[in-house]
Amino acid sequence: MPRTPLTGTAIGLTVAAVALTGLSLSPAATAARSAPSGASGSSPSIDRDLSYEVTVRRTEGGVPNIKADDYASLGYGTGYAMAEDNICMISDLVITFAAERARRLDATPANIASDSFYQLFIDRGAAEEELEERQAKIFRGAAAGFNRYLRDTGVDNLTDPACKGAEWLRPITEMDLRRISRMPFFLSALSPQFLAAAPPTSPPARRSTQRGSRGITPDEAVNGLFDEWRGSNGVAIGREATAGETGMLLANPHLSWNAPSQRMYALHQTIPGEMNMTGATTMGRIQVAFGATEDVAWTSTVSTARDYTFYRLDLVPGKPTHYYFDGEERAMTQEVASVQVPDGVGGHTTVDRTFFSTHYGARLVGGPGFTWDDQHAYAVRSIDPAWRGVDSLNDTWKAESVEEFADALVHHQAMTTNVMAVDSSGRTYYTDANPIPYVTDAQREVCSVPGGLDGSRSACMWQTDPTASQPGTFGPDATPHLFRDDFVANMNDSHWLANPRAPLTGYDGTFGATGTERTLRTRGGLHAILSRLTGTDGAAGDKFTLRGLQRLMFDNTSYTGVISRNGMVELCEANPQVTGPDGTVVDIGDACEALRGWDLRDDLGSRGAHLFREIMVASGNSSRVPANWNFLVPFDPADPVNTPRDLDPQNNPAVLQAIAAAVTKLRAADIALDARLGDLQYVTRNGERIPMHGGTNASGLFNIVNAPFNAAAGGYPDVTAGASWIQASEYRRDGLVSKGVLAFSQSTNPNSPHYADMTKMYSKKQWVDLPMSESDVAASTITKVRLTEDSGVCLNGGWRDWQSVDFDGEAQCVAHYDAQRAERVSEYDARHGTQTVVHTGKPVRINGKARVGQRLRVAAVSPRDFSPTARHIAYQWERDGVAIPHATTRAYLVRAADVGSRLTVRVTATTASSASGFATSNGATARRAAASIAMRLVPGATPRTLLIKATVKSKAVVSGRTIVTVLRNGAVLHTRQLGLNRDGRVSLTLAAARPGRYSVTLQYLGSDSVTPARATRTRNLR
């Protein structure tokens, strides 16, 4: 086994030595040193702890498929791929968790404080605790793979300007990655409070503890700790609700787009015969966290269950670091974290910071609302699931049903979130089987004090359930869970309405409220699901298809607008002028018109969506309907999805004030009230503006984006959080079909081809295919690299730092590794065969619009784009990875059968010696052809007749039916359904027409090949 290196990882390490520390920082082993196998030239048997072999294939969007035969090699490929895409961000994350920011970057107060927090975590030794062996190998391999990329590329040759040539960049270690995965995910969000905790230095005085600094009460401080966008949507659809009678899952976590510890990364990991899963994880965490295996798909959302407990301590007078507990005096535990800081003259000095905690593990907090004075202090005790979350992965990966998946979750009790899952049989599962502090409703009733519970009484401490996975938590039988064959869902609300048809009740209040008003996002999401299953959403049928699940994600309907816009417009029009609190009169007439014209969505083309958003901001920006808004139908716990609704159009002064505030704000920023959302909300990548759809919790959107308002920029010029990884999966009879999109793209490197490609796809509501089977991955592969660890780890003294192998020198280490590599390559070739012709040219691209009736063409591919140079180039168009018969030229005419499928071209190169290789193009999702309507209203040959003539035009063959609606003076006169002739024409004669203003609307219903269209014409008939 590798051991801790004998020398430190100094900034000046040469590039050639990078792999050394990556392979040598697992906890020190005690095995006896042995002579190196292969030292005398004989071929060694493969030591899978010291060598790696993996294939990394990238598909559309840059998603890496990592295929290996052992866990260490799987980690190796994952670490390499992550480094290739995000080496600077991961390195920044690594030095943060290693408490090295002040030493390596700059000794700013913020960096020193950060290092102090993470040093405390390091000193407690949690990352060094024993870990399940296979997962430990993944961490070790991932560090080696990261370092391999860094060694092969060189610091000075990196293309990411964020760390190109940076002295602070260093090789990483197994322990670096263990630290990232070992810390509870949201614990760092409390670091400002831990760092602000300090005993008072002023003389004792009688000060109020009801309100802390800045006028915030302790309860307000607790409630405001976590931003509402930190959430997710999760929907599992069962066999009773799917057209294919199997299972589907939509995963939609909402996380930061910029914070290194929360930014997500898409990947596919497989060990043939052992595990196979596709999905995403967060940066620096090596294993898939949201995704699907061949049998079970799962996702999670932030739970409302209280996985932490705030306590107020009663302090001993005159001793601010002593507190009472059951009447006895106790001294706080003090831990000193020491960090190294440059002294400005070439050396380092030590900065100490003291952290305080109670004997029962609650850590002292400070900052706004948490005043530490001579009477009280505040502390928080949080659950630490230890390594159970990582240890549980082997069981969850291998689960073949949701029942087995549930058994794994219950056994380990490590997921600190809601979990939704579905299996290939179409059975769904919901649970909030978190390790939740065992504090009951009865305890809270007698222990509640401002800021939490009374921390000076044992009666208010966590209880023990012998069936729980750790002391102090509820046992699994006490946690909410539900199996269903129709659906389960959660949008960051409590367990109550995981399925409104079977409400979950009877659980302790610590898991969240029941019988109360739900958030607007929960209501909107459940309303959309139930509308689909009752066939009332306007689409055909009453079951979900994969495309229907994708529509649910990007429908962008504002549920708040649905229940309030009509009443708001009526209220607005009745009160066109509003007097504000300062006496200013605001004319809101234009707002009434903008709201009336709004399509109730937050799409790119939606006009007025931003006005409604700002109305909600002015109303408090709450995730629930504002408390001071009046509705005609109040909340009804028997109908929680649909109530409250219908804004009162007569008695709503708070709404009028909110409209006036929003109008004033937008006019001050010179933003039109009816502007298109896509012109206001966007991100900029390499100078290109990419419009972004999606909205807010307060607007009742399912698809959440957090885009702060910027008056100077005239809108919302940057998305900072919200929809990140989005994955829709369906189990079909022939296997899993999964599609996804990473809203901010795979790479943070502006020079990467995957810096903005999926961001543009998100903007267009497009998805990439996530191939699962070996054949599908092979067919979708765009680039491919085989990696084996090599003798570079021996250079620059690296040969000295091995514990299980006793090398005499660098040459012997090199010989050993070269022999290991040769054995790996030979093993691979025997197992998989080799592709003797490799594509070396630029990516193969498809040009043209993928619409029915239009022609796609693949850009020219040269024989010199392959190595060795090809003699013959052949083209094969494919539909969802399957060859299309007779489509073997560079051009392809898109057909009706292609709609909804991904079209690609597989280019095969053959040399004179009949060796062959291939490259696959980018994909294009085929869509129906657009339609337009040319319509005329012509007076007939006889008096009082009106002839309606229309032609539906498209680049595809037009067929199907139309609906003609005739209005006279605004009243419906006729509605008829008419077929089109072969030329796409339709005509209708309106006889015995009375004088008046006629309006005729022709609605083309569309076909498998052509989209619907609509046109209206008017004419006066005398």
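**Entry 1: two helices.** I began with helices α2 and α5, whose axes come within 6 Å and cross at roughly 50°. That makes α2 oblique to α5, since angles under 35 degrees count as roughly parallel, over 145 as roughly antiparallel, 65 to 115 as roughly perpendicular and the rest as oblique. I took axes as lines fitted to C-alpha atoms, for helices over the stretch in contact, with angles from 0 to 180 degrees between N-to-C directions. I listed the residues that make the contact: on α2 they include Gly75, Gly79, Ala83 and Ile87, and on α5 they include Ile138, Gly141, Gly145 and Tyr149. Contact means heavy atoms within 4.5 Å.

**Entry 2: what I am working with.** The model is predicted; local features need pLDDT of at least 70, side-chain atom pairs count only at pLDDT 80 or more, and totals for chains, interfaces and linings use all residues. Residues are numbered from 1 along each chain as its sequence is written, and side-chain values use heavy atoms, with hydrogens and water left out. Helices (H or I, at least four residues) and strands (E, at least two) are DSSP runs, numbered from the N terminus.

**Entry 3: α5 by itself.** α5 covers residues 133-153, which is 21 residues. From its first C-alpha to its last it reaches 31 Å, close to the 30 Å expected at 1.5 Å a residue; the expected span is 1.5 Å times one less than the number of residues. Is α5 mostly covered or mostly open? I found 17 of its 21 residues buried, so mostly covered. Buried means under 20% relative accessible area, exposed over 50%, and partly exposed in between, with a 1.4 Å probe and protein chains only. Gly154 follows α5 and has a positive phi, near 90°.

**Entry 4: the ten-stranded sheet.** I traced an open sheet of ten strands in the order β20-β17-β16-β8-β7-β6-β5-β2-β1-β33, with mixed pairing. Two strands pair if DSSP finds at least two bridges between them. The edges are β20 (481-484) and β33 (783-788), each pairing on one side only. Neighbouring strands in this sheet are turned by 15° against each other on average, direction ignored. β1 (residues 53-58) and β2 (residues 64-68) are antiparallel partners over five bridges. Thr55 has Lys67 in β2 as its bridge partner.

I then checked which helices lie across this sheet. α2 (residues 71-97) lies across β1, β2, β5, β6 and β33, at about 155° to β5. α11 (residues 402-412) lies across β8, β16, β17 and β20, at about 155° to β16.

**Entry 5: β9 and its partners.** Strand β9 (residues 308-316) is mostly covered, with seven of its nine residues buried. Which strands does β9 pair with in the antiparallel sense? One is β15 (residues 376-382), over seven bridges, where Arg312 stands opposite Tyr378. Another is β10 (residues 319-325), over two bridges, and there Leu315 has Tyr323 as its bridge partner. β9 and β10 form a hairpin with two residues between them, and Gly318 in the turn has a positive phi of about 80°. β19 (residues 452-454) runs parallel to β9, joined by two bridges; Tyr311 stands opposite Leu453.

**Entry 6: the three-stranded sheet.** I found an open sheet of three strands in the order β44-β45-β48, with antiparallel pairing. Its edge strands are β44 (931-939) and β48 (985-990). β44 and β45 (residues 946-954) pair over nine bridges, with Met935 opposite Ala950.

**Entry 7: two single residues.** Pro939 lies in β44. Pro939 counts as partly exposed because its relative accessibility is 41%. Leaving aside neighbours within four places in sequence, Pro939 is in contact with Thr945, Leu946 and Arg1019. Pro939 and Asn86 are 853 residues apart in sequence and 68 Å apart in space, C-alpha to C-alpha.

Ser114 sits in helix α4 (residues 109-123). Is Ser114 buried or exposed? With a relative accessible area of 17%, Ser114 is buried. Not counting residues up to four places away in sequence, Ser114 touches Thr96 and Arg101.
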